[in-house]
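I opened this notebook to record what I looked up in the structure shown below.

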Amino acid sequence: MVKGQAGFELLIMGVMVVVAMFIAGLLPTASVKTNLDKEAIFEYKYNKVQHTLLTLFSITHDEKKVSELIAENFTINKPSDLEFLKPILDKEIETKCYHIVVDSKALFFVGGCDVKYRANATLILPYNPNKLVEEITVDTGDIS
Amino acid sequence: MKGVSTALMVLLVVILSVITAIGTYFFILASNLENVRRSTIERGIVAEINEVEFLKQNLHQALDYSFYQSKYDVAGLGGYNKIITNAPKHNNLPYWRTYGDTFMPQYIGNLEDRTLEIYNIYTNSIKTDIIKSEASELTVEKSASSTYASVTAFSDPIKLEKPNLTIEESGTIKEIIQTNIFDQFNVGKVNFVDTNPDPILQTVLDTITDSGLEGIGTLTYHCNPDRYPTDEEVFEDTNGMPIGDAEYLIKDLIKNNIADLENNLKLKYGLNFDIHLSFIDDDIQSEVETLCKHSSGDSDCCYKCYDDAGAEYCCGTWYESFCKFHYFGAARVLVSITDKTKTYAVYDGTTDLRNIKLNFYVVSGNKELINSN
């Protein structure tokens, strides 16, 4: 009985050691993976918002650069002219929450959420000796 | 003995577990920190690459806007950049023609100068860590079809130097821009500089021909030594109106014919350009010149005849006045050629969408009746 009990204890300890070793192996892997996933998602969404802003600077509409249309819209104040951008932005940003802001003036405000990812750049405005550049910001967040 | 052995084993397991836990914790921490560090560096690199890309895009955009503004400014000043040189001017606009003399501006060079000025104002206003320089030279080249301008700004390379990254790109920025500016200047040049006789002179000549006024007039009259009929009387007898009325008639006809000329130009170029020829009343002048010969007759005889009753038959002597009439006209016209195909966001007190409008003066006619100033 005593001999059997000692053997049982040894078995339990052996199992505990194996479990401990297993956890020691699994936990870091799982944690690193989770962390990598989080980083990858953050990276992806961060790059996405950067890419969206770059896209706005690169594409054209009716033979005119979109950044030029945005700058004219901001300067001359014709909000309806940018409506064509909405389907492009919806597809590009992949979230239903984004804001495009030039000097605190929202050119696009889709959905309400906390800003998580932000990209900004200098926007060249049509010539005016008093104001030649402004900051353009694209904000996105995760909609709940 | 057995109890000690069990306790030692439990202790061993506990120690192993603690070591494992601590090891796991630090491994996770180290891995996560490394991941965060790598991600941060990666995001930084991406952001810096993007910053260079944004700067390049912005320089391209700045070049576009500089060219638009340059076109607006240079065309608005008749092809000159801020100062009209080597040409007479009126109301701060240049003449492209004063009668037989023409003054075609070097407008492409002036477009280059103005675009370079504005482009460098833009490059200085872009705040960035990236090393960039003002453009030292800028060229504007016309495409074979005249519908595109190749605008190139030459600058030192763009450089970004960071601990993890060095980027160097060419600082030369080139834009191919669709434009009607070359055709716009060409319409003005072909019609008002290269054409001889120019359309204003042709209008004046046609007006005189079509006015129906006679070029020659004669008036015979009885002997009267006290009074010769004046040139004006001969003119009135010939044309049925005083000289003043004839001058007014010519002036009025020139006005109408300039309106016709404007309509013809609109018909010819109306697809792309709106052409307007404008003037005020003092910009149209006309003149009638008389060159008369009065036959002297026999004045003694005529005097005697005059003293007698029934004078005209007494001596049988008549005087005759023979006149040649010359008609002159001149017009000063403000020519405006507006590109109606497109509007550009340009500054003129405020920034707004505006058409590019080329303005210049032309003064012409068959006599210099209007000063070219």
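I began with the contact between the chains: 39 residues of chain B touch 36 residues of chain A, where a contact means C-beta atoms, placed from the backbone, within 7 Å. On the side of chain B that touches chain A, two or more residues come from each of helix 1 (2-76), helix 2 (107-125), strand 12 (318-347) and strand 13 (351-365). Helix 1 of chain B gives the most, 28 residues. Helices (H or I, at least four residues) and strands (E, at least two) are DSSP runs, numbered from the N terminus.

I noted the origin of the model next. It is predicted: local features need pLDDT of at least 70 and side-chain atom pairs 80 or more, while totals for chains, interfaces and linings use all residues. Residues are numbered from 1 along each chain as its sequence is written, and chains are lettered from A and ligands numbered from 1 in the order in which they are written.

I then looked up confidence. The predictor gives the complex an ipTM of 0.82 and a pTM of 0.85. Chain B averages a pLDDT (the predictor's confidence in each residue, from 0 to 100) of 89, and 91% of the residues score at least 70.

I turned to the form of chain B, which has eight helices and 13 strands. Its radius of gyration, taken over C-alpha atoms, is 42 Å, well over the 21 Å that the globule rule (2.2 Å times the number of residues to the power 0.38) gives for 373 residues, so chain B is more spread out than a compact globule. The C-alpha trace of chain B spans about 185 × 35 × 30 Å along its principal axes.

How values were computed. Two residues are in contact if their C-beta atoms, placed from the backbone, lie within 7 Å.
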